[in-house]
Amino acid sequence: GRRCSHLPGYANDRIPISGAAEFQDFKSSDLCLEACRAVASCNCWSWKDDGYCRVGQARTCTQTGSADNARWTYGSCGTGPLNDDGEIPVPVRGGAFDVNPPGSETGQLQQSYSSSSTTPTICKSSPPPVTRLEKEAAADAVVPVVIICYARPQYLRRSLDSLFAVQRSKKQFPISASQDGDNQEVESMLEQEVVSGRLAQHLRYQPTISSQVKKTGSPRAGYQRLAGHYKWALDQFLGPSSHYEQLIILEEDLEVAPDFFSYFQATLPYLKADPCLFCVSAWNDNGRSSLANDAKAIYRSDFFPGLGWLLLKSFWLELRETWPNEYWDDFVRKSSTRKGRHCLRPEVSRTFTFGEVGVSRGQFYKTHLKHIKLNQENVDWLDLDLTYIASADRFDSWLSKEISMADVVTLEDIQRLSSSASPKAYAMMFKESNWKRISKHFGLAEDIKDGVYRGSYRSVIPFTWQGKHRFY
């Protein structure tokens, strides 16, 4: 049977935030230990005397130490004997990403734990299968679209034309625009589109005195105003008095793919059925043409991509009272907001940002964002089998199988790879210490938010390199 060690010291940073479960009010270290023991895929736990507990998978579960080391307790869980240090060695696969240790139950870290002393903070990973009737209902559901805009009329024109060109139904996908500011060209454009019947609504955001930024010239002023605008617009469509149940939200500097609406139609039933999903995004942060090739590929991700995304009313009602005054996207990326949930995202992006001028002042635009590839294939997503992303369990099983069949390589191996080499699947280990070197070689997004790599799922980043080599 599974045994768990119980040792003094800090080992919390051994357990990656991505895919872990965190609790805030475990009264004893024994409760934390039992939470890990109850899940076959958990091999490391860490508890602090203030009630905090983290359980999950670690490549090694040993003490690392901290300034408040005496307040921490940790241990490993497994079937092996204790070693000389009183620890149970953690099983690690020979080189590939340790998505699931041998003999483990896939995806169990996403399940709810039950305890008399705590409220679960993560969701169940095995929802009932999406039925044919649910798929049909989602395919016919009304999904409003809102564009957040301010004072970039040329951008807005391009974004609107892109949307109108692929809009399947005005009734099913009513497009609205929410304008902040008093730019007359933007206002005139939107009013004309309402008169023409192409635009369902022209909303006007007026910041309240309490939400207005005092120092309007500060670099953060734009982010603060944008966060306020998002909250107001989301409330118009998904607030307590709204009759809508879902919403696609865009900004005025986004162009969409031909199958933009088909993509969201097909994924909506999975978002509704699985409490371990909180969004569907049209964007892939690692969607450069050298990294994204499979137009029909879709993945679960611990990272919130944004840039054209679908959410449910239930998720907005959960967030609205704690919505931040600035940097709203980083707020959504926090583990305390995600609570172990994921987003769906494509391999090839269904949106493209041309917003070099804006609130972020072109940050990362020239070096990264402008190189993201926009899908040009008109994929009929409703005809695809998406059951492999229907739950965390199913996706874990699929991803584990893919990685187990891949050749384990190093960066040096890849650097020696001939350009004429036949297509193949590879798995490459990385550590935080060599992440920048690896990401630079492939052109992957380098930054990490709240311990999560962009586009990753449990620290695995799938991509297709040079149009033929599959990497994990």
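**Strands and their partners**

Reader: How many bridges join strand S12 to strand S15?
Author: This is a predicted model, where local features need pLDDT of at least 70. Residues are numbered from 1 along each chain. Strands are DSSP runs (E, at least two residues), numbered from the N terminus, and two of them pair if DSSP finds at least two bridges between them. S12 (residues 277-281) and S15 (residues 342-346) run parallel, and the bridges joining them number 3.

Reader: Which residue in S15 is the bridge partner of Cys279?
Author: S15 covers residues 342-346. There, Cys279 has as its bridge partner Cys343.

Reader: Which strands stand at the edges of the open sheet?
Author: The sheet has 8 strands with mixed pairing, in the order S9-S8-S7-S10-S14-S12-S15-S13. Each edge strand has a single partner strand, so one side is left without a neighbour in the sheet. The edge strands are S9 (201-205) and S13 (298-301).

Reader: Is strand S4 mostly covered or mostly open?
Author: Buried means under 20% relative accessible area (1.4 Å probe, protein chains only). In S4 (residues 44-48), 5 of its 5 residues are buried. The strand is mostly covered.

Reader: Which residues of S4 point the other way from Cys44, Ser46 and Lys48?
Author: In a regular strand, side chains alternate between the two faces of the sheet. Cys44, Ser46 and Lys48 point one way from S4. Pointing the other way are Trp45 and Trp47.

Reader: Which residue of strand S6 is the bridge partner of Ser46?
Author: S4 and S6 (residues 72-78) pair in the antiparallel sense over 5 bridges. In S6, the partner of Ser46 is Tyr74.

Terms used. This is a predicted model: local features need pLDDT of at least 70, side-chain atom pairs count only at pLDDT 80 or more; totals for chains, interfaces and linings use all residues. Side-chain values use heavy atoms; hydrogens and water are left out. Buried means under 20% relative accessible area, exposed over 50%, partly exposed in between (1.4 Å probe, protein chains only). Helices (H or I, at least four residues) and strands (E, at least two) are DSSP runs, numbered from the N terminus.
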